[in-house]
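Let's take a walk through this model together, one chain at a time. Have your viewer ready, and follow along as we go.

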Amino acid sequence: MKTSISDLVRGVLQSDRRSIARLITLIEDQEPEAFLALKQIFPATGRAYVIGITGPPGAGKSTLVDKLAKHLRRQGCSVGIIAVDPTSPFSGGAILGDRVRMADLAIDPGVFIRSMASRGSLGGLSWATADAVKVLDAGGMDYIFVETVGVGQAEVEIARHADLTLVTLVPGLGDEIQAMKAGVLEIGDLLVVNKADREGADRLVLELETMLDLSRHENSSRPAIVKTVGTTGEGIGFLWKKIEERLISMKASGELANRRKERLRQEVLEIWQRQLWQVIDSRLAGENVDRLLERIVKRQIDPYTAVEQILASIPPRFKNLWGGELRMQIRKIDHLGIAVKSLADALSFYENILGLKSAGTEVVEDQKVKVAFLPVGDSEIELLESTTADGPIAKFIEKKGEGLHHIALRVDDLEAALAELKEKGVRLIDTEPRYGAGGARIAFLHPQAGRGVLLELTERQE
Amino acid sequence: MSQSKKIRVLVAKPGLDGHDRGAKVIARALRDAGMEVIYTGLRQTPEQIVAAALQENVDVVALSSLSGAHLHLFPRVTALLKEKGLGDVLVIGGGIIPAEDIPVLKAAGVAAIFTPGTATAAIIEFIRANVKRT
Amino acid sequence: MFKEKVLKELQEAVPAWEARVQNTLTRHPERSPEFTTTSGIAVKRLYTPLDIAGQDYAHDLGFPGEYPYTRGVQPTMYRGRLWTMRQYAGFASAEESNRRYKYLLEQGQTGLSVAFDLPTQLGYDSDHPLAEGEVGKVGVAIDSLADMETLFDGIPLDKVSTSMTINAPAAILLAMYLAVAEKQGIGFDKLDGTIQNDILKEYAARGTYIFPPDPSMRLVTDIFAFCSEHVPRWNTISISGYHMREAGATAVQEVAFTLANGIAYVEAAIKKGLNVDKFASRLSFFFNAHNNLLEEVAKFRAARRLWARIMKERFGAQDPRSWMLRFHTQTAGSTLTAQQPENNIVRTTIQALAAVLGGTQSLHTNSFDEALALPTEKSVRIALRTQQILAYESGVADTVDPLAGSYFIESLTEEIERRAMEYIAKIDAMGGAPRAIEQGYIQREIQESAYRYQMEIERGERIVVGVNKFQIEEEIPQELLKVDPAVRDLQIKKLKEIKAKRDNLAVRQALKELRQAAEGEDNLMPPILKAVKVYATLGEICDVLRGVFGEYRAVESI
């Protein structure tokens with residue numbers, strides 16, 4: 001039996017654990033329903049504090065999360081935990097083992113733990129994490145911990161998803177220095193030296209202090225270094241106190257609000273990129289890549305050229321706007337309109353000197369113009385003379401002098417073309433078709449849209 | 001978008017025995033078959049297993065026991081799953097389990113029991129054929 | 001070892017022979033393009049003196065009972081005294097186990113081996129919620145000294161050697177054993193036996209840990225220190241490769257990881273201020289015996305030589321007894337199949353033979369029905385008879401180290417030693433076994449081997465008779481031992497009685513002293529002994545230690 005979206009959303013908002021769990025799965029599976037639900041729960045988000053935890057493997061991240069969560073539970077707060085582990089690039093499967101060290105929390109009704117696989121996210125951290133955080137947030141969790149895999153690029157990404165990030169290190173693993181080189185330290189709002197009962201803990205603290213002295217931290221943002229022993233819980237209370245202090249000061253200084261805004265900006269960009277990518281990928285890449293791959297394998301073509309070819313093979317109508325489907329087609333230049341002071345004078349040049357033939361003159365009352373059409377190959381030149389002193393052509397000449405007034409492009413279905421342009425937010429002068437010279441149906445676009453040129457769309461029976 | 005759907009399996013060791021070779025080999029084999037495996041570690045109570053299954057929204061719960069406590073523990077898990085509305089989750093079991101206990105466990109809602117010597121390929125096949133997707 | 005002339009001739013003769021063999025090969029190809037041991041060591045068609053040309057008899061083999069002990073730790077080996085036939089047993093209640101011990105002693109078994117149920121191994125009393133369904137299942141349930149008194153009722157502790165498979169709470173069970181001896185009026189110095197007490201392999205493979213590694217190592221070394229003073233004949237640890245092998249390790253990994261753990265214990269004890277020769281002679285080892293007969297024999301010999309060298313050269317031990325690797329062996333439970341279970345009797349025989357040819361000090365043979373359930377009395381008897389047939393009928397016990405000098409065995413012994421040393425060097429570089437375990441390295445290596453082994457079977461590259469070849473349609477036998485679920489009720493009743501009967505003020509006082517000792521640095525054995533004597537329960541004592549030390553959760557390392 002399938003639950004409806006509204007039931008699911010209601011469930012999440014009422015902190016129903018089953019609904020929370022199922023919505024996260026829909027998000028992971030990229031089901032369209034997930035996005036409908038996310039739209040609906042969004043207003044209920046933004047309440048929880050999101051704390052990122054990262055650090056090298058073996059640093060005791062899960063144990064710290066476990067102990068911090070228990071600490072918060074004693075204060076009556078609810079806690080959500082998202083633990084991210086890598087997806088195997090070979091099979092697409094994953095083994096998610098972070099629950100092992102949080103086993104007692106599993107049955108606590110005030111705690112929700114979810115393990116997530118990175119599922120091939122470009123940056124390492126699961127893109128679904130941000131959405132899963134929203135679900136837990138809307139589901140009423142006061143604090144949400146996001147624990148990452150602890151190597152490389154993912155570290156930097158986590159900082160974007162969190163209000164505050166802890167970087168966890170331990171003495172004696174030998175890779176502290178490497179971690180610092182990888183820039184991990186820079187994202188830490190707090191540095192935790194875990195397993196501090198170990199030999200070398202004080203030395204590590206000292207090394208970290210020295211590192212911090214060298215980097216450009218303003219006094220207020222210099223990360224505190226906190227020593228903990230995850231297994232016994234020593235130092236956890238103090239660590240939480242430091243976290244809280246930091247959150248309070250970030251709130252007062254406006255930094256928290258800034259970070260959250262930045263996070264949303266990143267999310268919008270991520271969604272935008274993801275959807276854009278899907279469009280490109282589904283419509284363009286698949287087949288082309290398969291076709292070209294054989295040739296690349298045989299060294300008949302190199303990967304760079306191959307991509308160039310794929311790009312070149314993109315149908316021209318896709319090239320302008322990626323955001324929506326392009327339906328209208330411009331057939332040809334219908335005519336070029338030239339504003340003249342005197343039709344008779346202009347015709348003497350175009351007919352007598354250039355040898356073009358006027359197809360006759362016509363007065364368009366509506367436009368306060370008298371026009372003449374001179375066919376040129378498949379197109380025509382239209383000469384326009386104002387019939388009154390305040391007509392649009394008179395005003396144009398007054399401002400700019402005689403010259404090119406507009407370019408008319410032929411379309412098959414003017415209504416459809418206008419509708420499509422409206423949909424894409426193009427600025428129009430005529431939102432509905434009207435009649436122009438020669439019984440054609442026409443509409444003008446705003447000169448801004450044509451980049452300084454007045455464009456006219458024309459539909460006419462041949 | 002169905003290619004992004006993954007079968008999620010909770011591999012759990014109820015009870016106190018620490019022999020997790022089988023559970024870990026299965027976990028790896030399932031991962032290599034493209035599934036997402038949530039491993040809970042040792043010494044899980046039925047309550048913890050079911051809570052994890054719910055939070056992780058898994059399709060399958062795979063239980064392993066070598067201490068002889070399966071008759072006590074496996075039916076507790078299936079009963080609790082039903083109680084939480086997770087009756088459609090596929091439950092399978094493995095370990096040192098005498099043949100005479102298998103009908104008892106099946107009656108309690110364990111879909112299949114895999115004893116030592118079972119090929120992991122057979123388990124993967126069984127999961128794929130029997131997983132109930134909603 | 002061989003005359004230059006002989007080697008020189010062989011250098012030409014062997015390639016010439018190989019060339020002649022090519023003709024045969026074109027007509028009769030070999031069964032497989034390559035043969036390897038379970039550790040992945042390539043096995044050649046033929047071994048000759050050339051393969052052990054670098055071996056120096058005095059340096060690499062020596063004499064039995066002499067450094068480097070490749071040929072055995074005693075000069076006469078089984079000509080003097082057979083290995084101890086020690087069947088791991090312990091069922092349900094202390095009363096039932098006591099009856100079983102008396103039966104086994106009457107049957108000619110020469111040592112006791114106590115298996116504890118899982119709640120006991122994990123420091124929970126039988127009434128703990130987690131103990132539900134587990135009480136008495138894989139061994140005897142011990143909640144307090146009262147159960148231990150029942151377990152050894154009528155068995156004079158100075159007349160038996162007792163091996164207890166207990167690790168995380170080893171100190172507590174040892175204290176209970178000592179308290180029973182005291183009640184029987186037997187001095188600690190008359191006690192003979194072993195506690196497993198090998199916590200590192202619990203983290204690496206077996207999974208029955210309680211506390212984090214550092215306090216666990218403290219408990220281990222506290223036992224070393226206490227016993228070197230008060231229980232001099234007690235084997236304070238049985239450094240175990242058995243469970244790592246069961247978890248999937250290869251023969252090479254079994255040697256490497258066991259000795260790496262051994263090194264960690266020696267270092268911890270030295271760091272605590274103990275003199276290496278004061279405790280090293282009480283270290284014992286526990287290995288697995290698998291089906292690949294010759295690799296297993298070579299494994300035991302390599303382990304013995306490598307440990308002797310480590311103790312003498314790395315730790316500078318002076319006392320020859322510190323150099324000796326004495327070990328117990330159990331046949332490989334993981335090789336037993338549920339299919340055609342009688343075949344397991346044959347497997348166990350080959351494995352037991354490997355252990356005897358490898359010079360084991362004691363041996364447990366598995367019962368053939370263990371892949372199905374806990375063994376019956378009959379299957380346990382067959383297992384014991386297997387050892388007796390080897391001892392009295394096969395003749396392999398009549399000379400020392402009979403396979404020595406085999407070109408293949410000696411070459412394989414060297415190769416296993418070399419590969420194990422490589423692993424140990426790698427673990428040293430990580431900061432020793434505890435750190436390697438903490439980083440999940442050893443677990444990953446073992447799981448990798450386990451997975452590879454499983455896949456080889458599934459692809460048919462490795463044959464397991466009755467499982468992936470030579471299968472039959474069969475009914476699984478029904479003659480299986482069942483543990484009465486009432487055991488838990490009985491244990492809980494006894495627990496209640498003891499808590500009502502004992503001096504609870506004394507218990508509280510003893511537990512308080514234990515807590516203070518745990519928070520400080522004093523040896524924990526005396527306060528534990530004091531607590532068990534006033535009938536503080538195992539669970540109560542472990543709870544105190546849990547409160548001070550915390551509990552350990554595994555590193556996930558799949």
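How many disulfides does the structure hold over all chains? The count is zero, where a disulfide is a pair of cysteine sulfur atoms within 2.5 Å. Before going further, a word on conventions: this is a predicted model, in which local features need pLDDT of at least 70 and side-chain atom pairs count only at pLDDT 80 or more, while totals for chains, interfaces and linings use all residues. Residues are numbered from 1 along each chain as its sequence is written, chains are lettered from A and ligands numbered from 1 in the order in which they are written, and side-chain values use heavy atoms, with hydrogens and water left out.

C:Cys227 is buried, with a relative accessible area of 1%, and C:Cys542 is buried at 0%. (Buried means under 20% relative accessible area, exposed over 50%, and partly exposed in between, using a 1.4 Å probe and protein chains only.)

Staying in chain C, look for the open sheet of five strands, ordered β3-β12-β11-β10-β9, with parallel pairing. Strands here are DSSP runs of E with at least two residues, helices are runs of H or I with at least four, and both are numbered from the N terminus; two strands pair if DSSP finds at least two bridges between them. At the edges stand β3 (84–85) and β9 (237–240) of chain C, each with a single partner strand, so one side of each has no neighbour in the sheet.

What about β11(C), residues 327–331? Five of its five residues are buried, so the strand is largely enclosed by the rest of the structure. Five bridges tie β11(C) to the parallel strand β10 (residues 283–289) of chain C, and C:Phe287 has C:Thr329 as its bridge partner. Three bridges link β11(C) to β12 (residues 362–364) of chain C, also running parallel, and here C:Thr329 stands opposite C:Leu363. From β11(C) the chain passes through helix α14 (residues 343–357) of chain C to β12(C), in a right-handed β-α-β crossover; that is, with the strands pointing away from the viewer, the path from the first strand over the helix to the second runs clockwise. C:Leu363 is also the bridge partner of C:Met85, where two bridges join β3(C) to β12(C) in parallel.

Finally, turn to helix α5 (residues 128–138) of chain A, where 11 of 11 residues are buried, including A:Asp131, A:Lys134 and A:Asp137. After α5(A) comes A:Gly140, with a positive phi near 95°.
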